[in-house]
Amino acid sequence: MEHYVFAPPGVSAVPVSGGGLFPVRRIFCVGRNYAEHVREMGGDPSREEPFFFTKPADALVTEGSATPYPPATSDLHHEMELVVAIGMGGTDIDEAHALDHVFGYAAGLDMTRRDLQASAKKAGRPWDMSKGFDHSAPIGDILPAATIGHPASGLIELKVNGKVRQSSDLSKMIWSVPETIAYLSRQVRLGAGDLIMTGTPEGVAAVVRGDLLEGMIVGVGSVRTKIV
Ligand code: MN
């Protein structure tokens with residue numbers, strides 16, 4: 001057998017509440033999935049087709065770990081989101097069976113270099129460098145669906161230094177979790193280990209070094225990180 005020319009990279013993994021590690025394959029993110037956030041970004045929240053971007057699996061920051069302030073930005077934003085953890089892959093998954101593919105859920109942050117995203121939008125360029133940078137995906141522990149079920153409503157909230165910055169309800173998502181899974185599985189093959197960040201509600205804003213971010217989703221879980 002051929003040998004690797006250097007040690008292969010390790011597997012990124014999210015701790016599962018109750019024990020075990022969820023190995024991460026890919027991180028997908030849904031854009032513009034809460035009407036009020038679409039409006040605050042200057043968009044029109046009429047129900048356009050969902051669109052997706054990705055972060056590398058090794059952008060993951062696990063619960064309680066610090067998030068280093070990234071280079072090349074002076075406008076790092078928080079986006080508090082429900083994260084869906086796929087336990088069984090598939091293509092052309094139909095909406096009625098989409099939740100059978102979910103292992104569990106977590107609270108997560110889609111950290112965004114907003115200045116780079118704004119210039120990419122303006123120039124019609126990709127979002128990779130604004131969304132998929134190192135340490136751009138702090139995600140709390142995964143709670144298995146076998147324990148918590150499949151939440152379709154519930155408060156989603158982010159506090160920065162104890163003050164509420166984002167507050168909404170999962171029921172306000174434009175595309176539901178089953179719709180998102182079904183749609184995404186018609187674009188790419190979903191695999192066990194995929195995470196889907198389902199979009200952020202309104203209230204996104206900049207953070208600075210020293211800020212403590214504490215997000216929670218009622219019935220799902222929490223995420224906590226300090227910007228350093
Ligand atoms: Mn987002």
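Which helix gives the largest share of the lining of the largest pocket? Select H2: three residues of that lining come from this helix. Helices here are DSSP runs of H or I with at least four residues, strands are runs of E with at least two, and both are numbered from the N terminus.

Before going on, know your model. It is predicted, so local features need pLDDT of at least 70 and side-chain atom pairs pLDDT 80 or more, while totals for chains, interfaces and linings use all residues. Residues are numbered from 1 along each chain as its sequence is written, and side-chain values use heavy atoms, without hydrogens or water.

**Stop 1: the largest pocket**

Its volume is about 210 Å³. Select Arg-32, His-37, Met-41, Lys-121 and Trp-127, the closest to the centre among the 23 lining residues. Now colour strand S3 (27-31), helix H1 (35-40), strand S4 (51-55) and helix H2 (114-123); these elements each give two or more residues to the lining. By class, the lining has six nonpolar, eight polar and nine charged residues. Nonpolar covers Ala, Val, Leu, Ile, Met, Phe, Trp, Tyr, Cys and Pro; charged covers Asp, Glu, Lys and Arg; the others, Gly among them, are polar.

A pocket is an open set of points on a 1 Å grid over the protein atoms alone, with protein on both sides within 12 Å along at least five of seven lines. A cavity is a set where a 1.4 Å probe fits but cannot get out, and lining residues have an atom within 4 Å of a point. Points are joined across faces, edges and corners, and a volume is the space filled by probe spheres set on them.

**Stop 2**

**Stop 3: aromatic rings**

Rings of Phe, Tyr and Trp (its six-membered ring) pair if their centres lie within 6.5 Å; planes under 30 degrees apart are stacked, over 60 edge-to-face, the rest tilted. Buried means under 20%, exposed over 50%, partly exposed in between (1.4 Å probe, protein chains only).

The structure holds five aromatic pairs. Next, select Phe-51, Phe-53 and Trp-127, which form one aromatic cluster.

**Stop 4: strand S8**

Select residues 102-109. Seven of the eight residues of this strand are buried, so S8 is largely enclosed by the rest of the structure. Strand S7 (80-86) pairs with S8 antiparallel, over seven bridges. Two strands pair if DSSP finds at least two bridges between them. Find Val-83 opposite Ala-106. S8 also pairs antiparallel with strand S11 (143-144), over two bridges. There, Gly-104 has Pro-144 as its bridge partner.

**Stop 5: an open sheet**

Finish with four strands in the order S13-S12-S15-S16, paired antiparallel. S13 (163-169) and S16 (221-226) stand at the edges with a single partner strand each, so one side of each lacks a neighbour in the sheet. Val-160 stands opposite Leu-213.
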